[in-house]
Amino acid sequence: MSSEIRFTDFKSDKQPTWCPGCGDFGTMNGMMKALAETGNDPDNTFIVAGIGCSGKIGTYMHSYALHGVHGRALPVGTGVKLARPDIEVMVAGGDGDGYSIGAGHFVHAVRRNVDMTYVVMDNRIYGLTKGQASPTSREDFETSTTPEGPKQPPVNPHALALASGATFIAQSFASDALRHQEIIRKAVEHDGFGFVNVYSPCVTFNDVDTYDYFRDSLVDLAEADHDPTDYDAAKDVILDSDKEYQGVIYQNEASVPYNERHGVEEDMSDIPDGAPGDATDLVREFY
Amino acid sequence: MVADFNWAVGGEAGDGIDSTGKIFAQALSRSGRHVFTSKDFASRIRGGYTAYKVRTSVDKVQSVVDELDVLIALTPRTIDENLDELHEGSVIIYDGERTTMQNVEIPEGMVGVDVPLKRLAEEAGGAIMRNVVALGAACAVADFPIENLDSALEKRFGDKGRKLVENNKEAARAGRSYVAEEYDQTFEYELETTDADYVLLNGDEAIGMGAIAAGCRFYAGYPITPATDVMTYLTGRIERFGGHVVQAEDELSAINMALGAARGGARAMTATSGPGIDLMTETFGLIATSETPLVICNVMRSGPSTGMPTKQEQGDLNHMLYGGHGEVPRFVLAPTTVDECFWKTIEAFNLAEQYQLPVYLTADLSMAVTEQTFPPDAFDMDAVEIDRGFLVDESTVDDHRTESGGFTPHEITEDGVSPRALPGTVDGAHMSTGLEHDEQGRRTEDTEMRVEQVDKRNRKVETARRREDWSPREFGDPDADNLVITWGSNEGALAEALDILADDGIRARVLSVPYVFPRPDLTEAIETAENTIVVECNETGQFANLVERDALVRVDRVTKYDGVRFKADELAEEIKATLIQGVEA
């Protein structure tokens, strides 16, 4: 079946309402292509989306999907994957969803290392609410709610992931379609929690972190002799605040995903018509 | 009143009070006696005092009473705390060699039994068995065959090695022999044993067992008193049935994980208490509007805020009924007894899937931590029925697709229930969202579709009202002029209060209601009665308010919110006083 699947099968009949030129178009295309390329089809794929411009992605893609509550997409994805190890789970959200309201869940999802992919569409701004600072906004980034800038350093999501025990950390750029697709594919194929932060420029509210800015400043790790299995090298890339990178920054090849560590590998949706066979043993335990 | 025996062990937190009490309760249960335990003593002084109380009889016991026949006091304070319940002839077992107990005064009329607990325990193999020596002493005082205690010790320590079990048995015998030799008197108690087989469990355990019986495979939770026992019970057991327990980082995560598992097609549950319910309310509307079947167990404790975390209250009823912004259909089930916790859990899972909505399953602290005996067939696994509702498979999915091919998980139907396709079902792929949506789950702000979806969701409640049985349990005198209505764990105390009231010539009809929403219409019963009293553990009378609104009448209230459950004798007094007040008015 997989050979017949084309990435357009993952497209819904709803036209995106993202602003023309929004990075989210490219981010989504790469996700759909990576899913098709890895042999998935819409009926065995589950997309979980957060709230914000990025959260609309579940509507524009065709698959099983849940567009949930702000900041809680990762726990939902965790539940889907543990109940259905046979289903491909991809969680998508924005920098606000993931690193602000959902930051607590991010740390623990990384630790848990459930075998799913997390795509953060990072535009360093709150777009849907018309331009307020996000947790990845620059310290001096002026917005309607931070007229002199947030005056606090942006969150470093990769550092947060590394400190939380991540097994796969990557960065891509929505406009570099081939590299973006390739990086998402690697995250999908990774045995464990595949985390990809995607630079997905907001063309309406962010005139600093623009396509041109990223095009000019991005260093591709594939061309920089970077070994993603080298923890110390990954740490150096992550803590280097002078440059922007794209590529797989860190991958622990010894990663054992949560399902495997906990022996949660059965489809939980299939249950008997009555109490399970040995349930009477449970009553006997109370003698 | 049943001829019963009331026993307690008390001391400081860390003295092993809970496990000592549990061993004695287990021994009684294994001897064929009924048991009802409580850990909810009124603590008049704040601090580390803790006690475990056991009421036992050959007949069924379902309440706590203000009586104590034998008390194992590990601290002087244990005696002070229980003075009101001790009576002429009560026996106090203590260790007079313990520094703090050397000058202890046994109240007049009571019998002090001074046993060197620590010394005898050391002789048997270790001071840690001090409490077991006391249990042996209690067996002597209560004329209870020590073999039953052996059996309970085997259960408690069996997996820790033969030697430990034998040492404990020896410690118990040392306690018994000491009392037999040093106290050359017959105490007035004799605990008769029977051939009956009982199981001993609490409400949290009954909920956990009910969940497994119902096919629940996924549990996510965050530890919180008094709901943690549900999680502890499931951990290590649900795995045997292909399930899994996740300890989430917080309640926000727990409910979203459970939601995810339910979207995946698993029967999923989370359990928490008031503070956790507050957090979970964030996701509640999403569950309802995405029409996801989910069981949310709320083991209530005293609020608001952190309140009194280890104390009884039934104060969350309004929150469960109305919590969350917007108008959100939900069911609220409230089992009234420990065994009903098992059956209502199964019912909650069925209702959640039949009507594709969130179901609150609520117990309260008293019921959650009370160990009670039941015949094992009270939990007959062969009687468990599973109904998964309107699920489509590959052969029926085509009946629920639009012309353009989209599956319709929110199809407008006559009964309000829409087809459900689990992930992996070919051609069933669809979106669900917290946004208002069309039949395919796609966002819409179309005015007609909005109204149709709201109506459809609410129609499920009307369908359920019609299709399911929401009857209350009835007991007492069906023709009595006095009607007493209650919900949650007060039923046991009320059943025994009826006997006490009968001695005073007061008769009452009792309706114990396990369904808060939808709930039975009690109008006719209220109109037939001369006096109606609603009994509950909160200050404002939250259930009484519902009853008044349903029946458009005023009712009397007996409420309690001091953190302690109703006791049978106390409740009888309150009911009597309310009736007399009514007459005088």
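**Notes on the predicted model**

1. Just after helix H9 of chain B, Gly265(B) takes a positive phi of about 110°. The model is a predicted one, and the value should be read as such.

2. Helix H9(B) itself covers residues 251-263. Of the 13 residues of H9(B), 13 are buried, so the helix is largely enclosed by the rest of the structure.

3. Now the contact between the chains. On one side are 61 residues of chain B, in contact with 49 residues of chain A. The elements of chain B that give two or more residues to this side include helix H7 (203-213), strand E8 (216-221), strand E10 (267-272) and helix H10 (274-289). H9(B) gives the most, with nine residues. By type, the residues on the chain B side divide into 30 nonpolar, 19 polar and twelve charged.

4. The two chains also share strand pairing. Strand E2 of chain A, residues 64-67, pairs with E15(B) in the parallel sense over three bridges. Within E15(B), Thr433(B) stands opposite His67(A).

5. Chain A as a whole. It holds eleven helices and eight strands. A compact globule of 287 residues would have a radius of gyration near 19 Å, and chain A has 20 Å, which agrees. Along the principal axes, its C-alpha atoms fill a box of roughly 70 × 45 × 40 Å. Buried residues make up 57% of the chain. Of the contacts between residues at least 6 apart in sequence, 71% join residues at least 24 apart.

6. Which strands of chain A pair with E8(A)? Strand E5(A), residues 168-173, is joined to E8(A) by four bridges and runs antiparallel to it. Strand E7(A), residues 218-220, is joined to E8(A) by three bridges and runs parallel. Individual partners in E8(A) include Gly247(A) for Gln171(A), Gln251(A) for Phe168(A) and Tyr245(A) for Val219(A). E8(A) covers residues 244-251 and is mostly covered, with seven of its eight residues buried.

7. E5(A) deserves a separate look. In a regular strand the side chains alternate between the two faces of the sheet. Phe168(A), Ala170(A) and Ser172(A) point one way from E5(A), while Ile169(A), Gln171(A) and Phe173(A) point the other way, and all are buried. E5(A) is thus mostly covered, six of its six residues being buried. Five bridges join E5(A) to strand E6(A), residues 194-199, and these two strands run parallel. Ala170(A) stands opposite Val196(A) in E6(A).

8. Chain B has an open sheet of five strands in the order E16-E18-E17-E20-E21, with mixed pairing. Its edge strands are E16(B) (473-476) and E21(B) (556-559), each of which pairs on one side only. Neighbouring strands are turned by 20° against each other on average, direction ignored. E20(B), residues 531-536, and E21(B) run parallel and are joined by four bridges. In E21(B), Val558(B) is the bridge partner of Val535(B).

9. Two helices lie across strands of this sheet. H15(B), residues 491-503, lies across E16, E17, E18 and E20 of chain B and runs at about 175° to E18(B). H17(B), residues 542-551, lies across E17, E20 and E21 of chain B and runs at about 145° to E20(B).

10. Is Asp84(B) buried or exposed? Asp84(B) is exposed, because 11 other C-beta atoms lie within 10 Å and a residue counts as exposed at 12 or fewer. Asp84(B) is found in the loop between helix H2(B) (76-81) and strand E5(B) (86-94). Asp84(B) and Glu67(B) are 17 residues apart in sequence and 8.2 Å apart in space, C-alpha to C-alpha.

Methods:
Residues are numbered from 1 along each chain as its sequence is written. Chains are lettered from A and ligands numbered from 1 in the order in which they are written. This is a predicted model: local features need pLDDT of at least 70, side-chain atom pairs count only at pLDDT 80 or more; totals for chains, interfaces and linings use all residues. The radius of gyration is taken over C-alpha atoms; the globule rule is 2.2 Å times the number of residues to the power 0.38. A residue is buried if 20 or more other C-beta atoms lie within 10 Å of its own, exposed if 12 or fewer, and partly exposed in between; C-beta atoms are placed from the backbone. Two residues are in contact if their C-beta atoms, placed from the backbone, lie within 7 Å. The expected span of a helix is 1.5 Å times one less than its number of residues. Ala, Val, Leu, Ile, Met, Phe, Trp, Tyr, Cys and Pro count as nonpolar, Asp, Glu, Lys and Arg as charged, and the others, Gly among them, as polar. Two strands pair if DSSP finds at least two bridges between them. Axes are lines fitted to C-alpha atoms, for helices over the stretch in contact, and angles run from 0 to 180 degrees between N-to-C directions.
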